[in-house]
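The sequence and structure come first.

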Amino acid sequence: MTPENISMAELPGGILVLDNNREDLRIIESLLLKQGYKVRCISDAKKALEVAANEPPEIMLLAVNMPDMNGYEVSKAFKAQPETRECPVIFLTELRESNNLAEGFQAGGVGFISKPVLPVEVLTQVATHVELYRARKTIQEHNPLRKSQDFHQSLLDSSPDIIYI
């Protein structure tokens, strides 16, 4: 497994995997590394929140069943932070009932991977969502209207005395 003290900046285009099951982490990491992905595996939810805020990954795989914070709570925390708001979240779960799926989508997830994991499911979902994330980022970076909106928003945010009409 990738040591938790290695910086995501040293692993550009990283995938953050959060799961307290070390065997699941090992399997997922091995699959992704063989495909050339840069992988950061973490088993503690609070550590994952800290790492992702400081070094946002391109995609996050979150186990739903975690001891301190479940995956849905972690996803909501990621989606509340500007640094990780746009990062796709895929949940790793044994739970496939419709109420669990609905809760995951409401928490900001874009998909689910069943446990025990199937290699084709992991690789297909990750490839699809990394590609979509990169495409969205490219469009945003090359959109002059977006740059103008960001500039005007920064002016509004830094000017507390503006009167809004």
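**Packing in the predicted model**

In the largest nonpolar core, which has 22 residues, the members touching the most others are Leu 16, Leu 18, Met 60, Leu 62, Val 74, Phe 78 and Phe 91. A nonpolar core is a set of buried Ala, Val, Leu, Ile, Met, Phe, Trp, Tyr and Cys residues joined through side-chain atoms within 4.5 Å; buried means under 20% relative accessible area, exposed over 50%, partly exposed in between (1.4 Å probe, protein chains only). This is a predicted model: local features need pLDDT of at least 70, side-chain atom pairs count only at pLDDT 80 or more, and totals for chains, interfaces and linings use all residues. Residues are numbered from 1 along each chain as its sequence is written, and side-chain values use heavy atoms, with hydrogens and water left out.

- At least two residues each come from strand E1 (14-18), helix H2 (45-54), strand E3 (59-63), helix H3 (71-79) and strand E4 (89-93); helices (H or I, at least four residues) and strands (E, at least two) are DSSP runs, numbered from the N terminus.
- H2 gives the most to this core, four residues.
- A second, separate core has 18 residues, including Val 39, Cys 41, Leu 61 and Ile 113.

**Aromatic pairs**
- There are three aromatic pairs, counted when ring centres of Phe, Tyr and Trp (its six-membered ring) lie within 6.5 Å; planes under 30 degrees apart are stacked, over 60 edge-to-face and the rest tilted.
- Phe 91 and Phe 112 are tilted, because their planes stand at 35 degrees, with centres 5.5 Å apart.
- Phe 91 is buried at 0% relative accessibility.
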